Amino acid sequence: MAAEIHANRFRLLTEQVGRKFVAGVEDFGYGAALLVESVFWLLAGRWRQQRVRLSAIVQEMMDIGVQAIPVVTILAFANGAMMAMQGIYTLRDFGAESQVVSGIAMSVTREFGVLIAGIVVAGRSGSAIAARIGTMQMAQEIDALRVMGVSPVRYLVSPILAAMLLMMPILSVLSDAMAILGGGVISVMELHINLDTYTTRVFSELVPGDIFQGLIKSVVFAVLITLVATGNGFNASGGAEGLGRATTRSVVLCIAAIVVADMVFTFFLSR
Amino acid sequence: MNTTPPDTSSQPVIEVNNLVTYYGDQKILDDVSLSVAPGEIMVIMGGSGSGKSTLLRYLLGLHRADAGDIRLFGKNIDTLSSHEWMEIRKKIGVSFQGGALFNSMTVGENVRMPLREHTSLDENTIKIMSRMKLEVVNLAGYEHLMPAQLSGGMIKRAALARAIVMDPGILFFDEPSAGLDPVVAADLDNLILRIRDAMPVSIVVVTHELQSAFKIADRITVLDRGRILMVGSVEEVRHSDNPRIRNLLTRTSEDEPVDVDGYLQRLTEGAMRF
Amino acid sequence: MTFPVEDRQGFSVVMLNGEIDLNNSPDARKVILNSLKKMKHVMVDLSSVEYIDSSGVASLVEGFQYARTNDLEFGLIGVSEAAMSVLRLARLDQVFTIYSSLDERLEHGS
């Protein structure tokens, strides 16, 4: 009897793991389909009399990109400053504190600039987009679009994807610049060099590949945030509580997705 | 005053044959068949859980049937190309239960949206058409308001204006009177009748409101637990002696005879180990 | 497709026919507005119209408004019951100047 219960529990456990796995694969497939469809409308909408409207893309660019500039600026600046402080403190033991400049230059452009921009966009837009689409889903506005013969993906997702693809690289370059500036201010104070010397050294350390690496990541983040946020919006159900759940889930998954993707990309790109 | 009586001899605009649908493992609609003639007002009536909202979603092509088929304007909607579907969608208007107006647009923009998406009419024509429909639903002058500024009855009327702006051949109306006070609900019923009298349109109304159903229907389909109990005229439904229909009419719930084995099974399923 | 315009006793008569819907109402609109630009008195003959949808009616409304602002005459003749019911729905039957035929208009004098 005990063995039977044990076997039963094991069966339940494996069943659960299996179900989760299938759900995960389903989510992945859903995301891929969403991506393909929204890219399709961006490219081919014109010929199918279902154009993606430029005004919608501009609106999304304002919401996603322009309005994120202050936060990105502050976070990137503070982060650059902190990296400089920590770097100088750590490297001082080796008498190599002046090496902090190249450390900042490389790690900001390759890693932290884009990550900060990504996390800010994930936090702001990841929740806002999921909430907006989720609300529309529950108010049957998505159904209304479909019965009018308007593809919800074309109408809602494609403009977001386009705006993300345009704004994420810009934000991450801004974030790079601000983080380097933040590091510069601390370096000037602590290392007694002037800002010109700092800037010259930063640029002499950087190769195009460093910045390029950040830009590739920013494009990947743009796609991930779009898919996770819109996907969570479309699948929201269960009233106000469900909407809250979808929104939270969207932000958490957006951040998790970009951090994990970042790690994977760093692994391959830094070989 | 119905100037063009429903012509049941010509080809139906909606035809449902033996529709079966599932939600997960649960059967929601079971062998549902019905047809709607041109110019007819068909009311689909049933209590909550009867499957009437599900039936509407399938009629709108929002889901695929598990068995059976649905024909709109004579075309099986499961086998349509996306282009053919688009042509049919232009001839369908839907007023959703909560209105489903787009909250980010004004009332006028909401009403104009189908025209903008599907036609290349002149801007003046589009404006005049949308305002004509707002006149029809008595919302003239409200076009610059946002949906959030409207009352429940006004939202339903705005949604109706959007649904008829393309002069559809079929108008679907989900729960027109739900959540409205009786006077406003009666106005809406009159509006539905006026629209049918003025335009060549078939109207499908899904409702649980008896008063409304009896007032506007040419025929009523009574759904119960996913099956059709009867399809008939208002008089036929009113005088039906089917006990389940009588219950619906008198709003009592019936005590089902208890099936001991099935009942015990439901209560104990997964709870006992022997 | 375009609609014929006949000149009769000082009137331009736009002969709409068949089904006026989303596909051809832009043509109807163009013909009506062009006639109004050329002539002071324009009538639209709806007697051979089997069906007119609201885009067609909207074109009539636009013509009527153009005539009013430019001090021209614009009227409808031969409005069928089906067309009338569409006009009635938006209470436009009380807005348009409607005659049974051109003769009726001529009896009224100018």
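Predicted model: local features only at pLDDT ≥ 70, side-chain atom pairs only at ≥ 80, totals over all residues.
**View 1. Chain C and its overall dimensions.** A compact globule of 110 residues would have a radius of gyration near 13 Å, and chain C agrees because its own value is 13 Å. Along the principal axes, its C-alpha atoms fill a box of roughly 30 × 25 × 25 Å. Of the 110 residues in chain C, 39% are buried.

**View 2. The helices and strands of chain C.** Here you can trace 4 helices and 5 strands. Followed along the sequence, they run β-β-α-β-α-β-α-β-α. Among contacts in chain C with a separation of 6 or more, 72% link residues 24 or more positions apart.

**View 3. Where the chains meet.** Two pairs of chains touch, and the pair with the most contacts is B and C. Chains A and C share no contact, and their closest C-alpha atoms are 16 Å apart.

**View 4. The largest nonpolar core.** This core holds 172 residues, and those touching the most other members are A:Ile225, A:Cys254, B:Val43, B:Ala161, B:Phe172 and B:Val204. Helix H4 of chain A (residues 100-138) supplies the largest share of the core, with 18 residues.

**View 5. A closer look at A:Ile225.** Setting aside neighbours within four places in sequence, A:Ile225 contacts A:Val121, A:Ala122, A:Ser125, A:Gly126, A:Met164, A:Cys254 and A:Ile258. One of these partners, A:Cys254, is listed with A:Ile225 among the core residues that touch the most other members.

Key:
Residues numbered from 1 in each chain as written. Chains lettered and ligands numbered in written order. Contact = placed C-beta atoms within 7 Å. Core = buried A, V, L, I, M, F, W, Y, C linked by C-beta atoms within 7 Å. Buried ≥ 20, exposed ≤ 12 C-beta atoms within 10 Å, placed from the backbone. Helix = DSSP H or I, 4+ residues; strand = E, 2+ residues; numbered from the N terminus. Rg over C-alpha atoms; globule rule 2.2 N^0.38 Å.
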